Amino acid sequence: MFPANWKHALFFYTACCDQPHKSISILQLVSGMKNLNEIQFDSEKPSVNIIEKTDKSNYLAIGLLNNQVLTKHKTSLKTVLTVLKGKILFKIGLKEIELKSFQIFEIPVNEEHEVIGLASENIFTLFQEKQ
């Protein structure tokens with residue numbers, strides 16, 4: 001289920017033939033997020049990019065390298081995760097869910113979970129609706 005104000009679900013996708021090492025060259029979100037090539041990956045920690053924060057919602061982009069972990073945590077907000085690039089492993093309880101580009105997952109509220117990057121570069125967004 002998507003939040004009623006899910007304006008951010010729309011995006012533009014362009015494959016780039018002259019850069020075979022990057023299967024996605026431009027993925028620009030309606031909200032004005034910079035293109036994917038501008039996201040700076042950090043070998044020491046996940047890359048957290050704030051796209052938009054308002055009194056009603058948070059919209060973030062997370063970048064993970066291969067085998068990089070967004071450590072176990074909980075969220076108290078209704079959150080929808082959308083994979084934009086790569087592949088991730090979402091672990092929650094005893095479940096392990098593999099998500100690929102353009103797959104969407106609603107994260108259960110107040111349940112401990114973690115995310116692991118499976119491709120060389122992985123980018124996903126989190127849309128959080130505040131109560």
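In what order do the 4 strands of the open sheet stand? I looked this up and found 5-10-7-8, with antiparallel pairing. I count two strands as paired if DSSP finds at least two bridges between them. Strands are DSSP runs (E, at least two residues), numbered from the N terminus.

The model is predicted, so I take local features at pLDDT of at least 70 and side-chain atom pairs only at pLDDT 80 or more, while totals for chains, interfaces and linings use all residues. Residues are numbered from 1 along each chain as its sequence is written, and side-chain values use heavy atoms, with hydrogens and water left out.

I noted strand 5 (69-73) and strand 8 (95-100) as the edge strands, each pairing on one side only. Strand 5 pairs with strand 10 (residues 113-117) in the antiparallel sense, over 3 bridges. His 73 stands opposite His 113 in strand 10.

Aromatic pairs. I searched the whole structure and got 2. The criterion is ring centres of Phe, Tyr or Trp (its six-membered ring) within 6.5 Å; planes under 30 degrees apart are stacked, over 60 edge-to-face, the rest tilted.

Tyr 59 and Phe 127 form an edge-to-face pair, at 5.8 Å centre to centre and 65 degrees between the planes. Tyr 59 is in strand 4 (residues 57-65) and Phe 127 in strand 11 (residues 121-129), 68 residues apart. I find both Tyr 59 and Phe 127 buried (under 20% relative accessible area; exposed is over 50%, partly exposed in between, with a 1.4 Å probe and protein chains only).

Why is the pair of Phe 90 and Phe 105 tilted? Their planes stand at 55 degrees, with the ring centres 4.8 Å apart, so I list the pair as tilted. Phe 90 is buried at a relative accessible area of 0%, and Phe 105 is buried at 18%.
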